[in-house]
Amino acid sequence: MSASVITLKTKENFSQDLIIQQPPSGVCLQGKIRIPGDKSISHRALMLGAIAHGETEIQGLLLGEDPCSTAACFQAMGANISELNPNSVRVTGIGLGNLQEPVDVLNAGNSGTTLRLMLGLLASHPDNFFTVTGDSSLRSRPMSRVVKPLQQMGAEIWGCKGNSLAPLAIRGTSLKPIHYHSPIASAQVKSCILLAGLMTEGETTVTEPALSRDHSERMLQAFGANLRNDPETNSVTISGGTQLYGQKVVVPGDISSAAFWLVAAAIVPGSEVIIENVGVNSTRTGVLEALEMMGADINKENEREVAGEPVADLRVRYSHLKSCVIAGDIIPRLIDEIPVLAVAAVFAAGKTVIKDAAELRVKESDRITVMVQQLNQMGAKITELDDGMEITGGTPLKGTDVDSYTDHRIAMSLAVAALNAEGKTTIHRAEAASISYPDFTNTLEQICV
Ligand code: S3P
């Protein structure tokens with residue numbers, strides 16, 4: 001696509017408008033691309049590297065704002081982290097139990113993963129005092145889901161609104177092991193408790209109602225933690241006190257970032273895109289299953305295992321989509337992809353129902369309300385449900401002004417919708433994409449023809 005058709009305009013307040021102007025003949029997507037490193041794995045590699053003994057090398061780290069927040073927090077607590085670049089980052093760990101008391105507030109920025117996982121480590125570091133905060137979105141996101149189980153372990157944590165919101169203050173202390181039955185399938189909750197369990201004598205177990213992403217379990221085991229899974233009950237148990245040792249981590253491409261191109265190529269006639277090196281861990285591939293239910297033409301090629309995580313290249317071609325129901329245990333395996341799956345549903349024949357996804361309301365924005373409002377503004381027919389949405393597909397979209405609400409996944413999902421909308425779409429506050437995908441607009445320009 002010519003540069004005049006995709007424009008990024010920086011405004012006086014540094015926010016950016018992404019303008020997508022549809023030419024009369026439309027666009028299609030063609031080419032072979034690589035996507036940035038997996039955000040969840042990048043956070044974990046930095047954290048485990050920081051608390052392990054010896055050196056960790058990370059290849060393929062995501063250079064988005066969220067992992068940069070994690071790196072800054074752990075540097076402030078004594079870890080030595082080389083300059084961040086996607087080829088190789090070296091982390092010299094300080095060893096289990098040796099996080100230093102930072103001289104200032106730890107700032108997790110926009111990143112729920114940074115804040116929630118880190119809390120498990122801080123709460124279990126005796127005698128140290130920590131304060132943690134984040135940006136206005138993170139300060140409004142629920143922290144009780146990790147504060148409460150940590151308090152059951154004996155943690156001392158105080159925060160706003162009855163200890164449920166950041167900023168939070170933590171006095172590290174020796175914790176006692178628990179068996180926590182989490183009411184929600186959340187990898188952040190599970191990982192927080194496992195990280196607290198790492199420093200706690202005895203066995204700490206987390207049971208969740210459905211399996212959430214298991215990157216923490218895989219990486220903790222690779223670093224030497226004593227951990228066992230019980231897949232029958234969705235439980236994982238860690239025995240505390242085992243030293244971790246630095247490893248080489250190879251971060252695969254993020255399937256949550258690949259999802260934008262999977263949907264874009266599936267809905268824009270004439271498209272064919274190959275996305276190389278995508279992490280296809282089965283706790284993350286709900287998006288592939290949902291798109292297959294909708295009749296998308298996606299092939300997994302060159303399947304392999306890289307540093308303990310399954311990886312493949314994904315080839316996606318345009319096809320006629322049909323509606324489906326997305327609900328139940330698949331939800332935690334595609335939770336971050338629901339905004340862009342809603343865009344796919346707008347172009348699918350019939351009524352798509354997404355339910356059991358109330359968690360979307362407490363992400364970087366209320367992703368149910370925001371997606372329904374913004375897509376309806378473009379002409380979609382979507383009804384908001386308490387825990388999801390009902391999307392009547394097949395109504396053409398018209399370009400208009402929409403807003404990301406500073407949520408990275410909303411910004412990119414709306415850009416995908418704009419590729420199939422008539423006329424000009426302006427996405428306000430599109431700079432939010434840099435939280436997880438700083439190169440999003442460049443790749444968009446590269447594959448639109
Ligand atoms: C993440 C877990 C998920 C996901 C988030 C990243 C992680 O959150 O939405 O983007 O890296 O553990 P929840 O644990 O809140 O479901």
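**Close-up views of a predicted model**

**View 1. Cys448 is buried, with a relative accessible area of 1%.** Here buried means under 20% relative accessible area, exposed over 50% and partly exposed in between, for a 1.4 Å probe and protein chains only. The structure is a predicted model, in which local features need pLDDT of at least 70 and side-chain atom pairs count only at pLDDT 80 or more, while totals for chains, interfaces and linings use all residues. Residues are numbered from 1 along each chain as its sequence is written, and side-chain values use heavy atoms, with hydrogens and water left out. The cysteine sulfur closest to that of Cys448 belongs to Cys28 and lies 8.5 Å away, which is too far for a bond. A search of the whole structure finds zero disulfides, a disulfide being a pair of cysteine sulfur atoms within 2.5 Å. Cys192 is likewise in no disulfide, since its nearest cysteine sulfur, in Cys73, is 14 Å away; Cys192 is buried, with a relative accessible area of 0%.

**View 2. Trp261 is among the residues that touch the most other members of the largest nonpolar core.** Helix α9 (residues 255-267) gives the largest share of the core, eleven residues, where helices (H or I, at least four residues) and strands (E, at least two) are DSSP runs numbered from the N terminus. When residues up to four places away in sequence are not counted, Trp261 touches Leu29, Ile33, Ile35, Ile275, Val316, Tyr437, Phe440, Thr443, Leu444 and Ile447, a contact being heavy atoms within 4.5 Å. Apart from this core lies another, of 64 residues, with Leu61, Ala79, Ile178 and Val249 among them.

**View 3. Thr443 lies in helix α14.** At 6% relative accessibility, Thr443 counts as buried, and, leaving aside residues up to four places away in sequence, Thr443 touches Ile33, Trp261 and Tyr437. Between the C-alpha atoms of Thr443 and Ala418, which are 25 residues apart along the chain, the separation is 15 Å.

**View 4. The largest pocket has a volume of about 540 Å³.** Pockets and cavities are found on a 1 Å grid over the protein atoms alone: a cavity is a set of points where a 1.4 Å probe fits but cannot get out, a pocket is an open set with protein on both sides within 12 Å along at least five of seven lines, and lining residues have an atom within 4 Å of a point. Grid points are joined across faces, edges and corners, and a volume is the space filled by probe spheres set on the points. Of the 36 residues that line this pocket, Ala185, Ser186, Ile335, Glu359 and Lys363 lie nearest its centre. Helices that each supply at least two lining residues include α1 (39-51), α3 (112-123) and α7 (187-198). The lining divides into ten nonpolar, ten polar and 16 charged residues, where Ala, Val, Leu, Ile, Met, Phe, Trp, Tyr, Cys and Pro count as nonpolar, Asp, Glu, Lys and Arg as charged, and the others, Gly among them, as polar.

**View 5. Two cavities of 30 Å³ or more are counted.** The largest cavity, of about 50 Å³, is lined by Arg44, Met47, Leu48, Leu117, Leu195, Ser216 and Leu220. The elements that give two or more residues to this lining are α1 and α8 (215-222), and the largest share, three residues, comes from α1. By type, the lining of the largest cavity comprises five nonpolar residues, one polar and one charged. The second largest cavity holds about 40 Å³ of space, and its lining consists of Asp38, Ile41, His215, Pro252, Gly253, Ile255, Gly279, Val280, Asn281, Arg284 and Glu309, which divide into four nonpolar, four polar and three charged residues.

**View 6. The peptide bond from Ala166 to Pro167 is cis, with omega near 5°.** Most residues other than glycine have a negative phi, and most peptide bonds are trans. Pro167 is found in strand β10 (residues 165-171). Lys161, in helix α6 (residues 160-163), has a positive phi of about 45° although it is not a glycine, and at 68% relative accessibility Lys161 counts as exposed. Arg429 also has a positive phi, near 55°; Arg429 lies in the loop between β28 (424-428) and α14 (440-447) and is partly exposed, with a relative accessible area of 31%.

Terms used
A nonpolar core is a set of buried Ala, Val, Leu, Ile, Met, Phe, Trp, Tyr and Cys residues joined through side-chain atoms within 4.5 Å.
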